Amino acid sequence: MIRVAAFGDCHVGADSRGLLRGAMARVHEHADVLLIAGDLTKCGTAAEAEVLAAELDALSVPAFAVLGNHDHHADEVEAVVSVMESAGVRVLEGDAVTVDVRSRRVGVAGVKGFGGGFPGASGSEFGEAEMKAFMRHSKVVADRMHDALTSLTCDARIALTHYSPVEDTLRGERLEIYPFLGSYLLAEAIDRAGADLAIHGHAHAGSPQGTTPGGVAVRNVAQPVIRHAYQVFVLDHSGDTTAVTERAGGVHADDLTAGHARRARGRFA
Amino acid sequence: MPPTSIDYLRAHLEEALATDGRVSEQGLHVDVAGGVLVVRGYVSTEQRRAAVDAIAGEVASGVAVRNEVSLVPLDEPDGEERVG
């Protein structure tokens, strides 16, 4: 059993001091690892990241994060990452990490993600340079997610993004802005690589639960959606000690546990 | 010069709430109801909630604005969800 705490969109600023500290100090009572799904800061400054770092001062579980669009606003990404990593939060962008908890190994693959839209209402890499760049970025970050996930060998794999991979968790947002809230390319990458859980933020008026077309559970943990400091997810992998492995475009059944095989059959049938 | 349409004021207020550093919140939504601009959504702090009024006064002066913005609850979770 792996207990994962997750939240996104805390939008920490100079006026946020003390708001998260108490809850963060007690995460270990509820979870083994903490994931932060982007928008750590209000405007993306290193000074705001310092405020969040102080809020996480008493955190005693491994913590991983991706950045969100707010964290890019001030063009201080490198400094924001540096502050968070100095505070013990590993910031992922196309990276994959594993951590051992309760004799199980959990893997986290993280990318910010991007917009672009969903089947039937998606942008295309065509036309003006600005439009092509927009959609190209969406493809690049989705490819990063696929590569990061497939590099993992572990008992449970989690895809961590800021933008949403599915429409399900956007329900409640205006339909017109879906293309700015996520991209199906992320879901496709997650389904191709395989994962046990996908966590994202960004959609404050969205819905908490969804599923990729391939059957991966998707959860929107934006704080305005979960209405708590964080949410806890339990991945039950008792007796599950092997990982889904994608090789040459397929899944090797020898590597699959029953649960993984069931999900993989759905994806690759 | 003709008065600015309330539809444009709505858009200008949404833009200002997203980009003004006092709030910087893209998740706030502005509706028009009976000639009143109604702002809804969540912010993290009381200062940002108050700043919604200040920004509205600057961007949409002369139009009634109702601030229905809420603070994000930051309580610890009261349960867990089994997934996977």
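Predicted model: local features only at pLDDT ≥ 70, side-chain atom pairs only at ≥ 80, totals over all residues.
Colleague: How many bridges join β6 of chain A to β9 of chain A?
Modeller: 5 bridges join them: β6(A) covers residues 104–110, β9(A) covers residues 156–160, and the two run parallel. Two strands count as paired if DSSP finds at least two bridges between them. Helices (H or I, at least four residues) and strands (E, at least two) are DSSP runs numbered from the N terminus. Residues are numbered from 1 along each chain as its sequence is written, and chains are lettered from A and ligands numbered from 1 in the order in which they are written.

Colleague: OK. Which residue is the bridge partner of Val106(A) in β9(A)?
Modeller: Ala156(A).

Colleague: And what's the strand order in that open sheet of 6 strands in chain A?
Modeller: The order is β5-β6-β9-β10-β12-β11, with mixed pairing. β5 (95–101) and β11 (209–211) of chain A sit at the edges with a single partner strand each, so one side of each has no neighbour in the sheet. The twist averages 25° from one strand to the next. For angles, axes are lines fitted to C-alpha atoms, for helices over the stretch in contact, and values run from 0 to 180 degrees between N-to-C directions.

Colleague: In what sense do β10(A) and β12(A) pair, parallel or antiparallel?
Modeller: Parallel, over 4 bridges, between residues 197–200 and residues 217–220. Leu197(A) stands opposite Ala217(A) there. On the β11(A) side, 3 bridges join β11(A) to β12(A), and those two run antiparallel. Gln209(A) has Arg219(A) in β12(A) as its bridge partner.

Colleague: Which residue takes a positive phi in the hairpin of β11(A) and β12(A)?
Modeller: Gly215(A), with phi near 100°; the hairpin has 5 residues between the strands.

Colleague: Switching to helices. At what angle do α4(A) and α5(A) pack?
Modeller: About 20°, with their axes 8 Å apart; α4(A) is residues 129–150 and α5(A) is residues 184–193. They are therefore roughly parallel to each other. The cut-offs for that wording: under 35 degrees is roughly parallel, over 145 roughly antiparallel, 65 to 115 roughly perpendicular, and the rest oblique.

Colleague: Left-handed or right-handed crossing?
Modeller: The crossing of α4(A) and α5(A) is right-handed. A crossing is left-handed if the near helix is turned anticlockwise from the far one by less than a right angle, and right-handed if clockwise.

Colleague: Which residues make the contact?
Modeller: Among them are Ala142(A), Met145(A) and Leu149(A) from α4(A), and Leu186(A), Ala189(A) and Ile190(A) from α5(A). Two residues are in contact if their C-beta atoms, placed from the backbone, lie within 7 Å. By class, this contact has 8 nonpolar, 3 polar and 4 charged residues. Here Ala, Val, Leu, Ile, Met, Phe, Trp, Tyr, Cys and Pro count as nonpolar, Asp, Glu, Lys and Arg as charged, and the others, Gly among them, as polar.

Colleague: How much of chain A counts as buried?
Modeller: 54% of its 269 residues. Buried means 20 or more other C-beta atoms lie within 10 Å of the residue's own, exposed means 12 or fewer, and partly exposed is in between, with C-beta atoms placed from the backbone. In α2(A), residues 46–55, the buried ones include Glu48(A), Val51(A) and Leu52(A). The cover over the buried residues of α2(A) includes α1 (21–25) and α3 (77–86) of chain A.

Colleague: Now chain B. What order do the strands of its open sheet take?
Modeller: β1-β2-β3, 3 strands with mixed pairing. The edge strands are β1 (29–33) and β3 (65–71) of chain B. β1(B) and β2(B) pair in the antiparallel sense over 5 bridges, and Val32(B) stands opposite Leu37(B). Helix α1(B), residues 6–19, lies across β1 and β2 of chain B at about 160° to β1(B). Helix α2(B) lies across β2 and β3 of chain B, at about 165° to β3(B).

Colleague: And how many residues does the contact between the chains take from each?
Modeller: 20 from chain B and 31 from chain A. β4(B) gives the largest share of chain B's side, 3 residues. β4(B) also pairs with β13(A), residues 231–235, in the parallel sense over 3 bridges, with Leu235(A) opposite Val83(B).
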